[in-house]
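Q: I have a structure open and want to learn how to read it. Can we go through some features one by one?
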Amino acid sequence: MNTLTNSELENNVIPKWSAIQCNRLKRWFEIAKARKKAHNCAASWNNIWNRLLTYSSFLISAILSTMSLNITYAPAWLLPALSITITIIIVINGFFNFAKQSESHSKTATGFANIIRKIEIAFLQKDNPKSKFSDFIDETGESFNHLLKDVSSLPLYAKNLLSDINLEAPDPFDDFEEN
C-alpha cells in the first residue's frame, strides 16, 4: 500500500472515500469476519481432537505398561486389545494431523483478524484517508488471497458458519447504477 508521509499529504490531497467505496469495504469486512469465525471454530475443534487423542494414548500407554508389570491378574484379551486400541488412536492422530491443522487455522484466523483491524482503521479514517481507496482495496484483496492460498480446507461444521454469507469476492458491479 502506498502510504504517504505528512508532507506528501499536504501537497497531495487524497479524496475522501465515497459511500459506494465504503460499501465495497463493508463487504470485505463481512467476509473477513465470517472467515475468522470459521477458522477459529476449526482451530478449536482440531485442538480438542488432538488433545483427546493424545491424552487418551498416554493414558492407555500408562495402563498398558502398568499391567505388563503384573500380567497374572489381567485377562488374556486385555493387553492385545489395549495395544490395538493405542495403535489405532496413534494412526488416526497421525493421519488427520489435528495439531498441524489447528495451528494452520489459528494462523489464518489471526490473519483475518489483522485484515478486519486494517479495514476498521481505514474506515475510521475515510474522511481523511492515508491512501487511495484503490490501493487499499488492492492490498486487502491480496492479503485475503494470500491467506486462503496457504490454509487447509475447512471442515463441514466450520463451512456451516459461512452459509449465511456469500463468500465470493465482492463483485465490482454490485454498486453500479445505470444512468
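Q: In which helix is the place of His105?
A: First, a caution: this is a predicted model. His105 sits in helix α4, which covers residues 98–124.

Q: Is His105 buried or exposed?
A: Look at the relative accessible area. Buried means under 20%. His105 has a value of 0%, so the residue is buried.

Q: Which residues is His105 in contact with, leaving aside its neighbours within four places in sequence?
A: Some come from the stretch of His39, Ala42, Ala43 and Asn46.

Q: Which side chain does His105 meet in a polar contact?
A: The partner is His39. The two side chains are joined at 2.9 Å.

Q: Now salt bridges. How many does a search of the whole structure find?
A: The general idea comes first. Side chains of opposite charge can pair when their charged atoms come close. In this structure, the search finds four salt bridges.

Q: What is the N to O distance between Glu30 and Arg27?
A: It is 3.9 Å for this salt bridge. A salt bridge needs a distance within 4 Å, so the pair counts.

Q: Where do Glu30 and Arg27 lie relative to each other?
A: Both are in helix α2, residues 19–69. They are three residues apart, so about one helical turn separates them.

Q: Which residue forms a salt bridge with Glu103?
A: Lys107 does. Their closest N and O atoms are 3.3 Å apart. Both residues lie in helix α4, four residues apart, which is about one turn. Glu103 is partly exposed at 45%. Lys107 is exposed at 56%.

Q: Which residue does Lys118 meet in a salt bridge?
A: Its partner is Glu139, at 3.6 Å from N to O. This pair links distant parts of the chain. Lys118 is in helix α4, while Glu139 is in helix α5, residues 133–150. The two are 21 residues apart. Lys118 is partly exposed, with a relative accessible area of 43%. Glu139 also counts as partly exposed, at 22%.

Q: Which residues do salt bridges that share partners join into one network?
A: The network is made of Lys26, Arg27 and Glu30.

Notes
Residues are numbered from 1 along each chain as its sequence is written. This is a predicted model: local features need pLDDT of at least 70, side-chain atom pairs count only at pLDDT 80 or more; totals for chains, interfaces and linings use all residues. Side-chain values use heavy atoms; hydrogens and water are left out. Buried means under 20% relative accessible area, exposed over 50%, partly exposed in between (1.4 Å probe, protein chains only). A polar contact is a pair of N or O atoms within 3.5 Å; within protein, one must be able to donate a hydrogen and the other to accept it, and residues adjacent in sequence count only if both atoms are side-chain atoms. Contact means heavy atoms within 4.5 Å. A salt bridge is a side-chain nitrogen of Lys or Arg within 4 Å of a carboxyl oxygen of Asp or Glu.
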